[in-house]
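Dear colleague,

Please read the notes with the structure open beside them.

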Amino acid sequence: MCSKMISAKKGWATVSEWREFCVGASDSAADDAGLTVQFSNRRLQRIDVCAGDGVIELRSVVARRAVAEHIEDVVLMAWERNRASSLVGFRADDRGRLVGECWVPTAGLTRDEFLFLVRRAAAACDLFEFQLTGHDRE
Amino acid sequence: MRLAGGRIQPFTLLLDSLDGRLLIRCISPIGVVDLVASLEAIQDSVRTKPVRLGAIRDFEDGSYNLTVQEDVLLGDRAQDAARVNVLLKRVAEQADRLEQIHLPDADRALHVFKDDLRQEGLGHRE
């Protein structure tokens with residue numbers, strides 16, 4: 001039986017718990033490190049899941065280094081976008097990639113909330129990728 | 001918010017909604033930074049940590065053009081206070097860390113930013 005909520009008492013999530021949340025989600029395919037979300041227009045977006053220290057962090061690549069470094073003012077654009085963005089923030093990571101991220105404390109986290117955040121992160125990153133590059137590589 | 005070590009970090013909290021769900025946004029100002037001249041330094045300070053920086057590019061006047069801002073979903077009421085506490089701690093600590101790096105001359109108090117923070121969420125500081 002799929003657990004619908006991560007115990008508030010426990011407060012942290014295991015890989016098996018967030019993967020359980022993905023069971024039955026028709027728009028995503030999960031593995032141990034994350035999941036791939038497919039949109040109705042067949043575009044895809046990979047989301048990496050990092051669970052620990054009382055929060056779950058979701059991260060997705062908007063543009064790889066080789067692409068991002070050729071987009072003028074891409075980092076400033078990301079920080080400016082962050083002013084109006086909800087739940088998802090953008091930055092250049094230590095690999096030079098432009099990434100989108102969101103997080104949520106695990107205590108009391110429900111399946112419904114987790115999938116909402118996954119879909120939100122995927123959509124926000126896919127949109128930014130499309131606006132910057134016109135492609136669907138991530 | 002008073003942090004460990006005695007430093008303070010101003011912030012504002014805004015209630016918002018997204019697709020029928022409530023969320024709380026926390027915005028903490030870092031200050032006025034030369035975004036062009038300090039771009040590389042700012043990037044270096046957030047490369048290894050998932051920090052959401054907010055930049056006001058067409059900045060003409062005001063008390064800040066760089067913020068740390070995050071939001072968190074509200075759900076089960078029994079967990080909301082804990083979620084907001086995590087949000088506050090996360091935002092305030094990162095904003096203070098970045099203030100110390102990029103504007104080390106002072107630990108700016110709320111009154112410096114109060115008028116501009118009041119404009120957040122009203123569309124006046126996009």
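The crossing of H1(B) and H2(B) is right-handed, a crossing being right-handed if the near helix is turned clockwise from the far one by less than a right angle, and left-handed if anticlockwise. In this predicted model, local features need pLDDT of at least 70 and side-chain atom pairs count only at pLDDT 80 or more, whereas totals for chains, interfaces and linings use all residues. Residues are numbered from 1 along each chain as its sequence is written, chains are lettered from A and ligands numbered from 1 in the order in which they are written, and side-chain values use heavy atoms, with hydrogens and water left out.

The axes of H1(B), residues 39–46, and H2(B), residues 77–102, come within 11 Å and cross at roughly 145° (axes are lines fitted to C-alpha atoms, for helices over the stretch in contact, and angles run from 0 to 180 degrees between N-to-C directions; helices are DSSP runs of H or I with at least four residues, strands runs of E with at least two, numbered from the N terminus). Ala41(B), Ile42(B), Ser45(B) and Val46(B) of H1(B) meet Arg97(B), Leu98(B), Ile101(B) and His102(B) of H2(B), where contact means heavy atoms within 4.5 Å.

H2(B) also lies across strands S4 (55–63) and S6 (98–105) of chain A, running at about 140° to S6(A).

In chain A, an open sheet of 6 strands has the order S1-S2-S3-S4-S6-S5, with antiparallel pairing (two strands pair if DSSP finds at least two bridges between them). Strands S1 (28–30) and S5 (89–92) of chain A are at the edges and have a single partner strand each, so one side of each lacks a neighbour in the sheet.

Best wishes
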